[in-house]
Amino acid sequence: MFIVWGKKNRFPLKGHAALFCPFCRELRASQVREMRSVDHLYYVPIGKGEVVGYRLDCAECGAPQYFQSPPVAAIVDDAGTGVEGLVAATNPTIRQDLQGRLELEDEIRSGRIPTDPETRMGLLFEPFEVLSAEMEAGCAETRIDLQSTLGCLGTIVALPLAAFAAGFLADTLMPGAPKEEVVIVAFLGAGVLGLIVTLWQLHRSARRWVEKRMAPHLRRAFEPLRPTRREIEGVMNDFREDGYQFPRHLRIEALFPHDPTSATVGTIDNVPIEPR
């Protein structure tokens with residue numbers, strides 16, 4: 001008998017606060033959640049666990065940001081006061097603390113895209129860095145999603161159908177052939193093929209998850225910057241060389257919503273940007 005136990009993270013809501021969202025590129029209301037490491041037995045949580053960090057989810061785009069301690073002065077129960085009310089109540093110095101960044105975002109919104117290599121590469125690295133922990137955890141997990149479930153169910157359905165079809169064909173087309181052997185071969189062949197398809201779909205579940213859940217946040221952050229394909233490739237290669245796994249699952253085409261086959265995007269294609 002196997003006993004399934006271990007630890008899992010839970011994220012109970014603690015309140016609301018104002019924070020800068022690097023994906024919306026402006027101050028946003030955020031949900032403040034405790035990150036609790038909880039023991040589980042057969043995936044059933046036992047107790048409340050211990051606080052190991054905090055996650056703030058943007059109320060507008062839903063993108064998560066992780067912190068060791070709350071990055072705000074206070075947390076309130078009610079988010080109904082709006083962004084300015086939350087700034088005053090939970091993060092009153094944020095405009096002064098981020099004055100340079102907020103001015104830069106105003107320039108970007110007005111269409112003045114930064115071309116300084118250091119500034120630009122910092123802006124392109126930031127969304128990946130913010131989401132890296134989430135993407136690494138998600139890519140390491142094998143998910144039973146729709147495609148892998150269909151592969152498993154398809155295998156179950158295919159086994160008796162293959163055996164029936166093999167028996168029928170043996171009776172009609174090969175009357176002298178040993179029917180039992182034909183049925184067994186067809187049954188095993190369908191099983192092996194179905195297993196291969198199911199395992200392949202399980203293997204690709206990480207790619208489907210990261211491109212469905214994480215790529216929209218990255219596209220949202222990159223769209224005002226109009227990065228070139230070469231720039232994004234350079235950033236992802238740096239993360240790959242640092243040992244991150246998510247670049248293996250995240251196709252660069254998923255980050256270019258308009259023309260995924262284009263080699264360049266925007267009006268800064270000839271700017272000599274060098275990777276970090």
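Start with cysteine 139. Its relative accessible area is 10%, and because the cut-off for buried is under 20%, cysteine 139 counts as buried. Keep in mind throughout that this is a predicted model.

Cysteine 139 belongs to helix α4, and it is one of the residues through which α4 touches helix α7. Helix α4 covers residues 117–139, and helix α7 covers residues 205–213. How far apart are the axes of these two helices, and at what angle do they pack? The axes are 9 Å apart, and the angle is about 150°. Angles over 145 degrees count as roughly antiparallel, so α4 is roughly antiparallel to α7. The crossing of α4 past α7 is right-handed.

Now the residues that make this contact. On the α4 side they are Glu134, Met135, Gly138 and Cys139. On the α7 side they are Ala206, Trp209 and Val210. Sorted by type, the contact has 5 nonpolar residues, 1 polar and 1 charged.

Staying in helix α4, we come to serine 132. Is serine 132 buried or exposed? It is buried, at 10% relative accessibility. Which residues does serine 132 contact, leaving aside its neighbours within four places in sequence? Those are Tyr244 and Phe246.

Back to cysteines, and to the matter of disulfides. A search of the whole structure turns up 0 of them. Take cysteine 21 as an example. Cysteine 21 is buried, with a relative accessible area of 3%. The cysteine sulfur closest to its own is that of cysteine 61, at 3.7 Å.

Alanine 186 has a relative accessible area of 22%. Since buried means under 20% and exposed means over 50%, alanine 186 is called partly exposed. Leaving aside neighbours within four places in sequence, alanine 186 is in contact with Ala162 and Ala166. Then there is alanine 163, which is 23 residues from alanine 186 along the chain. The C-alpha atoms of alanine 186 and alanine 163 are separated by 5.9 Å.

To go back to where we started: cysteine 139 is buried, and it takes part in the contact of α4 with α7. That is the end of my notes.

Terms used. Residues numbered from 1 in each chain as written. Predicted model: local features only at pLDDT ≥ 70, side-chain atom pairs only at ≥ 80, totals over all residues. Heavy atoms only, no water. Axes fitted to C-alpha atoms, helices over the stretch in contact; angles between N-to-C directions. Helix = DSSP H or I, 4+ residues; strand = E, 2+ residues; numbered from the N terminus. Parallel < 35°, antiparallel > 145°, perpendicular 65-115°, else oblique. Left-handed = near helix turned anticlockwise from the far one by under 90°. Contact = heavy atoms within 4.5 Å. Nonpolar A, V, L, I, M, F, W, Y, C, P; charged D, E, K, R; others polar. Disulfide = S-S within 2.5 Å. Buried < 20%, exposed > 50% of the residue type's maximum accessible area, 1.4 Å probe, protein only.
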